[in-house]
Amino acid sequence: CVGTDGICITESNEGNKVNPVSLTLNPPTNLVYDGNAKKVDFSINQQGDWKRTGVELALPTIKYIGRDGTNYAESDVAPSAVGKYKASITVDTKTAYIEYEITKANPQVKALTAKSNLKYNGLKQQLITQGSISTGLTLEYSLDGINWTTDSSAITGINAGTYTVYYKAEGNENYNAVAKTQINNVSIGKKSVTITGLSVCNKEYDGTTTATVTGDATITGLIEGDEVTVTAGKATFGDKKVGTSKAVSFTGYSLSGAKAGNYALSSQPSNKTANITKKEAHLTVENTIFTYNGNDYLPTVTINNLASGDDCKVVMTGKASTGGIHTATITRLTGKDAGNYSLSEADRQIDYEITNANPTLTAPTAKEDVTYDGTPQELINAGSNVVGGTLKYSLDKTHWTTDASSIKGTDANTYTVYYKVD
């Protein structure tokens, strides 16, 4: 039998052959280029019975030759290069053959990786490790996918940031090309710096946590010549209360300038303290004259420089409710925010006056339907609800009485009756 794939040759029974034998060609199992010869082998059934008239035939030799444009002269040596080939074997007058093709291999590329733990130092730094590729090929590298170099050490960066790096390789007669491929995670990290040189001013209590920063900000860790400056943030006390060596926190400080992107603040400025001292309470005294009404009185003393929303009041002694000149004494401050204020006017004395009040009353009224009967008759109804004195009555403004019933008239007439409160 003769064919083109899995070819075989079978001897007939002619010539008194015993147990006719078949020879079959087998193609190589791996037809991808790997630098090794791609041999064709054959198998024979009933080995040893390959005879003619009782004479053993020599085992045949496989011949190889290029085909369809592949330049490979006939040889007993199996080819290893990429190409199209024909392998044949001849026994006596019969020839079997098989055609096969060795195809290009994909190159073996040793992993190209990003250099690890790169930090900005102001100098050029190699970004990737040196790669390798199958023999006969050359790796090329690029930062932009346009300009290529075979020197991996030329792939460098200076500034902190993420870089795009590519590699590729041109193919040859035995290997396919490596397409442009991006290397992942190529970056230069920012250099850590700190801000020093700042301090915080002591301040008088103002009801806020705002702190005032002083000093010249210095960037520690900055590479000489780099243009980087500090953009100020703010500083705040932990609370608004008066105290000494109070911790101050900083927020919002940042870096600016042409090279600022290469640096990272490791932290905001820290470990700063300052004092908040008490605020002197300024007092305003009002309402030192009162009109008697039976209630207790004290002058009105207010603090005119309280921080917004603060609860702080003046405590005084010396209440009075009777008319006359009295003295009140400022003793202390009270309220939840009183501890934030000082009072230099403690023990200050303030005179105030309670003046006599105008009395109030329900006025007396004339009696109605009084008709002459020859006897003295009461002329008025007594007043009532007198507050602030004693109600008195008179017919002549000379003689006064507290008894309204004693104000009488006998003759028919119009009478003038007076009243007053003493």
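**Exercise 1. Find what lies over the face of Tyr-166, and how far from the ring centre.**

Solution. Start at the ring of Tyr-166. Lys-180 lies over its face, at 5.0 Å from the ring centre. The criterion: a charge sits over a ring if NZ of Lys or CZ of Arg is within 6 Å of the ring centre and within 35 degrees of the ring normal. Next, take Lys-86. Its charged end sits over the ring of Tyr-97, 4.4 Å from the centre.

This is a predicted model: local features need pLDDT of at least 70, side-chain atom pairs count only at pLDDT 80 or more, and totals for chains, interfaces and linings use all residues. Residues are numbered from 1 along each chain as its sequence is written, and side-chain values use heavy atoms, with hydrogens and water left out.

**Exercise 2. Work out the order of the sheet that holds S6, S7 and S8.**

Solution. Step one: the order. The 3 strands form an open sheet, S6-S7-S8, with antiparallel pairing. Strands are DSSP runs (E, at least two residues), numbered from the N terminus. Two strands pair if DSSP finds at least two bridges between them.

Step two: the edges. Strand S6 (62–66) and strand S8 (94–102) each pair on one side only. The twist averages 25 degrees from one strand to the next. Axes for such angles are lines fitted to C-alpha atoms, and angles run from 0 to 180 degrees between N-to-C directions.

Step three: the bridges. S6 and strand S7 (residues 83–91) pair over 5 bridges in the antiparallel sense. Gly-66 has Tyr-85 as its bridge partner in S7.

**Exercise 3. Describe the aromatic cluster formed by Tyr-72, Tyr-85 and Tyr-100.**

Solution. Begin with the whole structure: a search finds 8 aromatic pairs. Rings of Phe, Tyr and Trp (its six-membered ring) pair if their centres lie within 6.5 Å; planes under 30 degrees apart count as stacked, over 60 as edge-to-face and the rest as tilted.

Now the pair Tyr-72 and Tyr-85. Their ring centres are 5.4 Å apart and their planes at 90 degrees, so the pair is edge-to-face. Tyr-72 lies in the loop between S6 and S7, and Tyr-85 in strand S7, so the pair ties together parts that are 13 residues apart in sequence.

Then check burial. Buried means under 20% relative accessible area, exposed over 50%, partly exposed in between (1.4 Å probe, protein chains only). Tyr-72 has 22% relative accessibility, so it counts as partly exposed. Tyr-85 has 2%, so it counts as buried.

Move on to Tyr-85 and Tyr-100. This pair is tilted: 6.1 Å centre to centre, 35 degrees between the planes. It links Tyr-85 in strand S7 with Tyr-100 in strand S8, 15 residues apart. Tyr-100 is buried, with a relative accessible area of 4%.

**Exercise 4. How many residues does the largest nonpolar core have, and what does Ile-128 touch?**

Solution. A nonpolar core is a set of buried Ala, Val, Leu, Ile, Met, Phe, Trp, Tyr and Cys residues joined through side-chain atoms within 4.5 Å. The largest has 44 residues; Val-40, Leu-127, Ile-128, Val-165 and Val-186 have the most contacts inside it. Strands that each supply at least two of its residues include S6, S7 and S8. A second, separate core of 26 residues includes Ala-211 and Met-316.

Now Ile-128. Not counting residues up to four places away in sequence, it touches residues including Tyr-141, Val-165 and Val-186. Contact means heavy atoms within 4.5 Å.

**Exercise 5. Is Asp-347 buried or exposed?**

Solution. First locate Asp-347: it is in the loop between strand S30 (341–342) and strand S31 (349–355). At 60% relative accessibility, Asp-347 counts as exposed. Leaving aside neighbours within four places in sequence, Asp-347 is in contact with Thr-329 and Ile-330.

Technical notes
Helix = DSSP H or I, 4+ residues; strand = E, 2+ residues; numbered from the N terminus.
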